[in-house]
6 protein chains.
Amino acid sequence: MYRHVRELQFTAKPEKPDALFAMKFQEILGGQFGEMTVMMQYLWQGWSCRVPGKYKDMIMDIGTEEIGHVEMLTVMLARLLEGAPGETTEKAAATNPVLAAVLGGQNPQHAIVSGGNAMPTNSQGVPWNTGYIVASGNLLTDFRSNAAAEGQSRLQTSRIANMTDDRGVKDMLAFNLARDTYHQQQWLLAIQMLQEEGYTDIVENSNGDWENKAAAHVFYTSTPGSRAGDGLWATSNSLSTGSRSGSSRWSR
Amino acid sequence: MYRHVRELQFTAKPEKPDALFAMKFQEILGGQFGEMTVMMQYLWQGWSCRVPGKYKDMIMDIGTEEIGHVEMLTVMLARLLEGAPGETTEKAAATNPVLAAVLGGQNPQHAIVSGGNAMPTNSQGVPWNTGYIVASGNLLTDFRSNAAAEGQSRLQTSRIANMTDDRGVKDMLAFNLARDTYHQQQWLLAIQMLQEEGYTDIVENSNGDWENKAAAHVFYTSTPGSRAGDGLWATSNSLSTGSRSGSSRWSR
Amino acid sequence: MYRHVRELQFTAKPEKPDALFAMKFQEILGGQFGEMTVMMQYLWQGWSCRVPGKYKDMIMDIGTEEIGHVEMLTVMLARLLEGAPGETTEKAAATNPVLAAVLGGQNPQHAIVSGGNAMPTNSQGVPWNTGYIVASGNLLTDFRSNAAAEGQSRLQTSRIANMTDDRGVKDMLAFNLARDTYHQQQWLLAIQMLQEEGYTDIVENSNGDWENKAAAHVFYTSTPGSRAGDGLWATSNSLSTGSRSGSSRWSR
Amino acid sequence: MYRHVRELQFTAKPEKPDALFAMKFQEILGGQFGEMTVMMQYLWQGWSCRVPGKYKDMIMDIGTEEIGHVEMLTVMLARLLEGAPGETTEKAAATNPVLAAVLGGQNPQHAIVSGGNAMPTNSQGVPWNTGYIVASGNLLTDFRSNAAAEGQSRLQTSRIANMTDDRGVKDMLAFNLARDTYHQQQWLLAIQMLQEEGYTDIVENSNGDWENKAAAHVFYTSTPGSRAGDGLWATSNSLSTGSRSGSSRWSR
Amino acid sequence: MYRHVRELQFTAKPEKPDALFAMKFQEILGGQFGEMTVMMQYLWQGWSCRVPGKYKDMIMDIGTEEIGHVEMLTVMLARLLEGAPGETTEKAAATNPVLAAVLGGQNPQHAIVSGGNAMPTNSQGVPWNTGYIVASGNLLTDFRSNAAAEGQSRLQTSRIANMTDDRGVKDMLAFNLARDTYHQQQWLLAIQMLQEEGYTDIVENSNGDWENKAAAHVFYTSTPGSRAGDGLWATSNSLSTGSRSGSSRWSR
Amino acid sequence: MYRHVRELQFTAKPEKPDALFAMKFQEILGGQFGEMTVMMQYLWQGWSCRVPGKYKDMIMDIGTEEIGHVEMLTVMLARLLEGAPGETTEKAAATNPVLAAVLGGQNPQHAIVSGGNAMPTNSQGVPWNTGYIVASGNLLTDFRSNAAAEGQSRLQTSRIANMTDDRGVKDMLAFNLARDTYHQQQWLLAIQMLQEEGYTDIVENSNGDWENKAAAHVFYTSTPGSRAGDGLWATSNSLSTGSRSGSSRWSR
């Protein structure tokens, strides 16, 4: 069960409305790696985790925090859209290039569908869908997916921060970026811990003995002149011991 | 911000696993009118509601409750899938019609993708998407959508209850059905209250005076012999007063 | 079977082409609550209605009218796009902010894909899909969904009307708004009539006696300081009698 | 504008309900090349056709006929689902393999969502969407797409007919197949007529003179030992004269 | 198996970056009839073709060529986006209408998601999906779909060429247009060859004798005053002989 | 540019057709983490990689290998579907539970749409879409996503191998599993190499100095009694040095 607290996790107000930036901002709310994705991905993994204890609790704690991130971003979007020129006409834009840009570039659904509020879509208006998330029932595998998702999210948050000079917006993005950073660390540390505890993906490796050993150490190149053979992946031993040890081979 | 509490809102255990029923059960979790839809729809409306007070608080309270419903249903699904015959082979089914039905009818993603847990999809495996939800920024209009959604949800919950004899499952469905019933009442009462307080959709009715009055009272029939003229919609006054009063006309 | 008549239900021509407005206008044609949605929703409900008589005829009549609405809107869009600057180059825009806005803001598919005609998509270019519609086989429940859909449609039509000064476009929107108003009334009157005739959702209520009575009268709050307890939903008797009567209770 | 007539274009009743076949039958209603696709594709092309006369009238006539095909198929599906074992339990199936197959194989949404009626989805439950249709504003190009769509539809109708022995169902499929056959002929004859009238795609060929002539007559092979060079496409002159004449060349 | 060669099939560089044109250019890469569609459609048909020889080899050769077309277009897009004003601020646009247009009109995902590279989406940002492609296992029917797809692709390529003056871009589009032209010819010639070899769709015509002959020669009109009766489709014999011969009839 | 070679990368034939297993097998071809996903993800990343050398070559080599994996799986599916009982009637199943299971459980599109071939969809029939893939233009971040994708793919391949006893199918799965294992290693080694070469995500870290340091080291718990504080993520130093060093803090 969940409880709601009125305070936002982090409060920031934009200096002024900016409908054009609001359109772009949707990406980190309702995009492939937006807050809705990590919220639903972690909640789903937490609900599906059958072993009580620190891992399940940790997933649940972060998933619950992410609900609040979606909340924070919807509030920010509503503020960015306050007084957005929904009724802008060509007359208004005739002598004002910036207004013309807004006129051309804002997300029309912000005015028509949501009444000046956030939309549950990405920066191109595509509805969010659960094809973005994963919960496999295997902690190790899912934690890799989580660390990857936080990485993409950090990248997008950083890029979007370069698109505005608004101090309030940047403060919130700096907070979000920090949480992404921390959460990514967290998933990487949890992978380390799972491996130290011997979890790895043993259970799933019931088929480990059966996999095609010969094919597990070959790099195939298909491009004449490929320099891929210079990489660790073609020259080093494998990272893991056990069924996957041994040197790589190079094949054409 | 949100808090998590370990207890489920309602606890029920299935008498035994049932992978075939689990496949169907997905509809009220991840379908067009499943719990994910009302959860996201109410949360989104609550976050978008700019006027503090009883309406905003009520939407937030119900939205928060619905997160817990999604949680409850994912737990129930995991239990229904425990020991599900993921590795069932034809041999096992050769003399057992019921097992053959399960073999043919279970959702393969329950075994392959989620490892015996709920999927964020409907009973046909279609991913949930935000094209199912609405948050328009207008309370009156959204409450009608909410009452309609609860109606469809009640219908589906009732129908799905007819598909199982499992006492534990039925107990949970009886609880869910009751919450749908109550929530539908709630949205209808909230509409009544909004109207009594004069909210209606005044703000949005800025265009009320400008609509085509002549076209607002005509029933057009296009079918020879149509008996639609017998309905209140063609014979009575309009429900509302003001700009929409007047009798209906019948036109071909 | 259907017949086609060449005349449009309502004829209006835009004063001049407007590719930027055309992009927005797509929302009420191919969006979640656009004319395609009500057309397909009512046709589907009508085809699925097994009881002949005034209800089936009424649904069929409105559904058939809505085909003509989609037709009207596609014609209007083609006119808005006539002479649209598909070949606009930067040179043309270099000294003209409004042209620059159009250059940036128009829907490129209007020029590339449909050759200056309407697209079967919403204002953000998302294809229309049947995840937007509902036909449950239960008249009472579906009529609630229909009344809700007309409400959202009215809202969007009213908002979009604020985005243009074109007299021809506004005339058509005033007509559409009136039809939405009338149809919403119609569905509400049909609900009233169904209830007077004792239909309600009796058939589906075969599980009414079995629902969890205790859970059907409780408002759960999850937010410290919530003022939701001030609403009718927490203080009044239920709207309906029978299995759902009784007072609400307030719970934390 | 459209009119509705109560009679179906072709009437046929199934000998008995068959929920399993109903699931498959959905493909030719709501699939990529189902009746919804040709209905919406032709209506959209007709509405978008700016030149009045025989072509526009023909498209509109067929499009209107196709609305009736969707109607026919939804009625057939409702009949196939009458008395479908929505409440089938394992007990019933325990000694009956056929019932077990139905239990496993039927579309659960037929029971849960549509109350024993057709769904606007394909045989796998995927919602129909407008990404399936095309209306480019160019008659010649669209007629090729229409002839192709009828071809795929004939194929699927023929295949699905092999999946049932029900006389009533087969009668309707024989009718549908014939209409597909006729419509495909029609689109091919219309292409011939357009070409005889000199329409081809001249307008769109404004860029015909500018295309890369050298690249318009070369067959590139990428597979050692390819026998593709034996085909007319590599050995004959081009079909059309004018800018595209000349022999093909073979290149590696 | 596949091999990669570093050279592009055709090399062209844009004269200068153009983020606004890049947004539109996405349509012929990731749209309904973009290069991803023909690539996946032909590869899928080739992999599914069970009869070795010239047809299978030809499909495979073209499918393999199309992988290279997707490659070419992604490279062109990266060049069009080099130095794209991802960090453009309002200040920069305040006195520059063209920059304002770019600011409003560019695809934000090019900056936020792909880091200045192509996106696997259409010009409106909708993800590409396999609902666009077809591979039926029947060569004749699929070749009609292929000829139709090339036709739509030519049209879009031609239209998009009118939207830029950039010499490098136009050179590539002239190459692409020529390949579309050639490939369309090729599919049409292959249809002719299949028919000459007696393939037609014999296998699939196992139901040819059983179709409803009476319904296979009637044109139904539903529009008063329709001039569709003037067309070859209503007046000529059928194109094919055999089960589909005979004159058309005109019916209301 | 690409070249095609007729040989498959690995050849295996199923001992006998198995339509029911074919339906499940679709998951690792056209599902969220199927071969189509890694093929398109790596190709897209390779085409978007602007720095020539070992990294770009390696991505291209693996991407090209994956095209061949999709090819292998489509061939396997065609073999699994050979002689599949598309025309199975109830009569055949009446005394045969296994046939009844197949009758109920096979994917109807395998018979109706693709003519006994693979479909470009997942095990539930959902079309593959590019919302599954990522190519951010940042190697480090994308390699994490790639390692995660291989992990999920290994898991699904291992699980699906438990669902069949067919020697030929298992041989191919053992090969696929090995390639997943090797590729996962490869991405992990490439991450290590990028970090050793100082790449990390420096470029994207232009905002590293600006992130909210205070928020980058705090674990927030929201659950009373949470044991998440026992994890390395709450007790250890961060993994990376530089801007992200320092101990975690625990906060409620």
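## Interface of chain E and chain F

Chain E and chain F each bring 45 residues to their contact, where contact means heavy atoms within 4.5 Å. This is a predicted model, in which local features need pLDDT of at least 70 and side-chain atom pairs count only at pLDDT 80 or more, while totals for chains, interfaces and linings use all residues. Residues are numbered from 1 along each chain as its sequence is written, chains are lettered from A and ligands numbered from 1 in the order in which they are written, and side-chain values use heavy atoms, with hydrogens and water left out.

The two chains bury about 3,900 Å² between them, and carbon and sulfur atoms account for 62% of that area. Buried area is the accessible area (1.4 Å probe) that two parts lose on being put together, summed over both. The rule finds 4 salt bridges across the interface of chain E and chain F; a salt bridge is a side-chain nitrogen of Lys or Arg within 4 Å of a carboxyl oxygen of Asp or Glu. E:Asp57 forms a salt bridge with F:Arg6, and their closest N and O atoms are 2.6 Å apart.

Between chain E and chain F, 20 residue pairs are in polar contact, both residues at pLDDT 80 or more. A polar contact is a pair of N or O atoms within 3.5 Å; within protein, one must be able to donate a hydrogen and the other to accept it, and residues adjacent in sequence count only if both atoms are side-chain atoms. On the side of chain E that touches chain F, strand E1 (2–4), helix H3 (35–48) and helix H4 (54–81) of chain E each supply at least two residues. H4(E) has the largest share, 10 residues. Helices (H or I, at least four residues) and strands (E, at least two) are DSSP runs, numbered from the N terminus. By class, this side of chain E has 23 nonpolar, 15 polar and 7 charged residues. Here Ala, Val, Leu, Ile, Met, Phe, Trp, Tyr, Cys and Pro count as nonpolar, Asp, Glu, Lys and Arg as charged, and the others, Gly among them, as polar.

## Interface of chain F and chain A

The contact between chain F and chain A takes 87 residues from chain F and 87 residues from chain A. About 7,100 Å² is buried between them, 54% of it from carbon and sulfur atoms. F:Tyr182, F:Trp210 and F:Trp233 supply 11% of the area that chain F buries against chain A, more than any other three residues.

H9(F) gives the most to the side of chain F that touches chain A, with 19 residues. That side of chain F comprises 34 nonpolar, 35 polar and 18 charged residues.

## Chain A

Chain A has 10 helices and 3 strands, in the sequence order β-α-α-α-α-α-α-α-α-α-β-α-β. Of its 252 residues, 73% are buried, that is, under 20% relative accessible area, with exposed being over 50% and partly exposed in between (1.4 Å probe, protein chains only).

Among the contacts in chain A with a separation of 6 or more, 77% are between residues 24 or more positions apart.

## Asp18 of chain C

C:Asp18 is in the loop between strand E1 (2–4) and helix H1 (19–25) of chain C. C:Asp18 is buried because its relative accessible area is 15%. The C-alpha atoms of C:Asp18 and C:Trp47 are separated by 38 Å, the two residues being 29 residues apart along the chain.
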